[in-house]
2 protein chains.
Amino acid sequence: MAKTIPISLDVMGGDNGAEVVIPGAEIALVRHPDIRFLLYGNEKVVLPLLEKYPRVRDASTFHHCDVSVAMDAKPSQALRQGRWRSSMWRAIEAVKTGDSAVAVSAGNTGALMAMSKFCLRTMANIERPAIAAIWPTARGESVVLDVGATIGADAQQLIDFAILGGAMARALFGVEKPSIGLLNIGVEEVKGLEEVRTAGRLLRETPLRSLSYAGFVEGNDIGQGTVDVVVTEGFAGNIALKTAEGTAKQIGGYLRSAMSRTFMSKIGYIFAKSAFDRLREKMDPRKVNGGVFLGLNGIVIKSHGGTDAEGYAAAIDLAYDMVRNGLTDKIAQDLVHYHRGRFADAAPTPEGDL
Amino acid sequence: MAKTIPISLDVMGGDNGAEVVIPGAEIALVRHPDIRFLLYGNEKVVLPLLEKYPRVRDASTFHHCDVSVAMDAKPSQALRQGRWRSSMWRAIEAVKTGDSAVAVSAGNTGALMAMSKFCLRTMANIERPAIAAIWPTARGESVVLDVGATIGADAQQLIDFAILGGAMARALFGVEKPSIGLLNIGVEEVKGLEEVRTAGRLLRETPLRSLSYAGFVEGNDIGQGTVDVVVTEGFAGNIALKTAEGTAKQIGGYLRSAMSRTFMSKIGYIFAKSAFDRLREKMDPRKVNGGVFLGLNGIVIKSHGGTDAEGYAAAIDLAYDMVRNGLTDKIAQDLVHYHRGRFADAAPTPEGDL
């Protein structure tokens, strides 16, 4: 029998907490019966719900936690009040102890990142973590990182992000050598951020075994799916992600109002309903729910706080895929290889840039 | 009789140069018969075209220029080869001499910005120019700046951009006190760029007469039209703009493929054709063609290089509106008022932070 996949859930996280998490776990479990959940939450809330979802109950171990991190808690506050004992902390800690292969939380991003950093620590040779988003494109999906963990990034950190995102693309898309691009701007006068230019030069000079460097990409390339992995620092990445979400919503609004404006267009809508359903599915933000925290000693998935059960299930699916496809090992291999290459190339003095 | 509006055109700029510029000028002239054009370009190309467009010919003075700036010319190269004598330079120079009220070019952005800076210089008290885009939103239109002139901006420069963008919004939308927001990221851990936080604090502490400061906005707020003016430094602004363009294109592609997939959806398309036409019009990038260079001693409008006559006419319309609504005066007034306020508040020593 295939090994089961242990996934820890912060059941209290998210705008609707357990009411979304447990039904979401049920949906994911139907798709992946080999998941075993480690549930962390308040027993008064969770146990009655589990009675309604016996499938989840039977596939889970439940751990009571007194504390739940509030959705508006500041990271420092969340750490102070929630360390060691909150459902969020303990879901992450299960990854650290090895009881769980991956943690999922719909709790607030700042708190989740602060706790994940504190509990799991960054990997050797990785200075700063990144949040990777899966971006639906005209050609399929791409990985975009960082979308908000880290403001600013020097050239080395951008290369770290390239390695991390490349490993994720290999795990997720099954491509052997994902293409990666550095996000930059197209105005000729300013050839972009210096850090981005330096990272580009380094990637050209010493190619990575696991990646195919495709050069600079611009904002419009992301949606076109020009590359498998788009690398940027977190400020621009976050703004790109939210701008795309806003634009999709805006166009959805235009479309709805256009289709309901005249009698003819309403009839047209009825005829084309299956096409619109397909379009809606394609643009459904729940489908790609899940920011992946990379660069820590363990994988944590952040679900949208306001998602529903279907969206939460998508975040669990993503967690599952990451584990099944060996994301952690892939990252470790790529990092070892990269740093071995740097050792080999470096001057043989111990003071060399290792 | 109302005063005519003199507009100088770099007829050779753009992927298709005069072939687009002259017909575009014709379209704009029909809408605004009070425009007088100053045309700069190569006589061999332009004069035969003017024979085909007598309306433009009769409303223009033509100035032959030997040199045209190539679309792929580097800014330094463009300056070296094109200063004093290229069609691009001379269209800008006409603004400096006062012969023209505004210059329009579809030439390459880097060269156009370099020449505009060199020829017009930045305004007193403005350190760096910005490019402002008009962004179609769910509620109408907003001004977004900077979208690529300047990478990075300190707090004072962001406030300068707020004043410039606010004056443009007043000229364009006819609102008395436009709302402005500073683009920032929503991840709680990192409260955003320090420069942005400082600018926000300054705007709260010493409100501007001409603007209503609405706080931080995120990427998704742009398309929702949350504020009239979105202020950001040029790297993130450019990436936001191009990402939105890419997303719109991507969704347009989804929609087309969905509507042509089945017989029923094709029938639905026919019924709803007017709705789709309306949607297409709403999403037509030509409608909002024109980046406005702000902060220089004169207004320069950059048209998309690859636009057609209709798009070029939209850039001329924008130039016209800016002049008719007194953009330059509004900027000057707002700047004077802002700096007077700072004088009044400053310590009475001449060494004060003026």
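Domain bounds here come from an automatic or database domain assignment. On that basis, chain A is divided into domain 1 (1-126 + 295-354) and domain 2 (128-291). The C-alpha centres of these two domains of chain A lie 23 Å apart. The model is predicted.

**Between the domains of chain A**

- On the domain 1 side, 35 residues are in contact with 26 residues of domain 2 of chain A.
- Domain 1 and domain 2 of chain A bury about 2,400 Å² between them, with 62% of it on carbon and sulfur atoms.
- Ile126(A), Asp334(A) and Tyr338(A) supply 23% of the area that domain 1 buries against domain 2, more than any other three residues.
- One salt bridge is found across this interface of chain A.
- Arg170(A) and Asp334(A) form a salt bridge, and their closest N and O atoms are 2.6 Å apart.
- Seven residue pairs are in polar contact across the two domains of chain A (both at pLDDT 80 or more).
- Helix H6 (109-120), strand S11 (299-302), helix H13 (309-324) and helix H14 (327-345) of chain A each supply at least two residues of the domain 1 side.
- H14(A) gives the most to that side, with ten residues.
- By class, the domain 1 side has 15 nonpolar, eleven polar and nine charged residues.

**Between chain B and chain A**

- Here 64 residues of chain B are in contact with 63 residues of chain A.
- The buried area between the chains is about 5,600 Å², and carbon and sulfur atoms give 71% of it.
- Two salt bridges are counted between chain B and chain A.
- Glu218(B) and Lys242(A) meet through their side chains in a salt bridge (2.4 Å, N to O).
- Elements giving two or more residues to the chain B side include strand S5 (130-137), helix H10 (234-259) and helix H11 (263-271) of chain B.
- H10(B) gives the most to that side, with 19 residues.
- The chain B side divides into 33 nonpolar, 20 polar and eleven charged residues.

- The same surface serves both copies, as 98% of the contact residues of chain B recur in chain A.

Conventions: Residues numbered from 1 in each chain as written. Chains lettered and ligands numbered in written order. Predicted model: local features only at pLDDT ≥ 70, side-chain atom pairs only at ≥ 80, totals over all residues. Heavy atoms only, no water. Contact = heavy atoms within 4.5 Å. Buried area = accessible area lost by both parts, 1.4 Å probe. Salt bridge = Lys/Arg side-chain N within 4 Å of Asp/Glu carboxyl O. Helix = DSSP H or I, 4+ residues; strand = E, 2+ residues; numbered from the N terminus. Nonpolar A, V, L, I, M, F, W, Y, C, P; charged D, E, K, R; others polar. Polar contact = N/O pair within 3.5 Å; in protein donor to acceptor, adjacent residues only side chain to side chain.
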